[in-house]
Amino acid sequence: QVQLVESGGGLVQPGGSLRLSCRASSTIFTNIFVVYNMGWYRQAPGKQRELVANITRDDKLNYADSVKGRFTISRDSAKNTLYLQMNSLKPEDTAVYYCNAKSVYDYWGQGTQVTVSP
C-alpha cells in the first residue's frame, strides 16, 4: 500500500513557474523509488488524463512533447518525495495534476489544481 500526497498547485500567470511535490509513504517499503516507477499526470476539464512526465526505478526520464524543455521531474529518495518543476507555464497547462506510483499496481494521489491565467 502506497499513499501519495501532492502539494504546490495554485494560480499563476502565463510565463510563471510552480513546483509540485508528491510525498510518498508506504507501510512496507522505506524507499519507494526502488520499487515503483513514478510519474506526473494531468487532467484538464473535459479531457482524458494524460502523462506529463515519468521517472523509472533506474532513472530513465520521459516527458510529454507538450512540456519538453519547460518541465523537469526529479525525486529525493531520502525524503521519498517526487517533484515537478514547471517553468514557462501556459494557459493550456491548466489542469489537475496527479502523482502516480506504478508497479504491479497503480497508486494515485488526490491531485492538485494548477491554473495558468492572466
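Trainee: Which strand pairs with strand 4 over seven bridges, and in what sense?
Mentor: In this predicted model, strand 4 pairs with strand 9, residues 95-102, in the antiparallel sense over seven bridges. Within that pairing, Tyr41 stands opposite Tyr98 in strand 9.

Trainee: And how many bridges are there between strand 4 and strand 5?
Mentor: There are five, and strand 5, residues 50-55, also runs antiparallel to strand 4. Arg42 faces Glu50 of strand 5 in this arrangement.

Trainee: What do strand 4 and strand 5 form, and how many residues lie between them?
Mentor: They form a hairpin with six residues between the two strands. In the turn, Gly46 has a positive phi of about 80°.

Trainee: Why is strand 4 described as largely enclosed?
Mentor: Five of its seven residues, in the stretch 37-43, are buried, so the rest of the structure largely encloses strand 4.

Trainee: Changing topic: how many disulfides does the structure hold?
Mentor: It holds one. Cys22 and Cys99 form it, with their sulfur atoms 2.1 Å apart. The pair links distant parts of the chain, as Cys22 is in strand 3 and Cys99 in strand 9, 77 residues apart.

Trainee: Are those two cysteines buried or exposed?
Mentor: Both Cys22 and Cys99 are buried. The torsion about their S-S bond is about -80°, so the disulfide is left-handed.

Trainee: Now Gly69: where does it lie, and is it buried or exposed?
Mentor: Gly69 lies in the loop between strand 6 and strand 7. Its relative accessibility is 82%, so it counts as exposed; the cut-off for exposed is over 50%. Gly69 is 9.6 Å from Met86, C-alpha to C-alpha, with the two 17 residues apart in sequence.

Notes:
Residues numbered from 1 in each chain as written. Predicted model: local features only at pLDDT ≥ 70, side-chain atom pairs only at ≥ 80, totals over all residues. Heavy atoms only, no water. Buried < 20%, exposed > 50% of the residue type's maximum accessible area, 1.4 Å probe, protein only. Helix = DSSP H or I, 4+ residues; strand = E, 2+ residues; numbered from the N terminus. Pairing = 2+ DSSP bridges. Disulfide = S-S within 2.5 Å.
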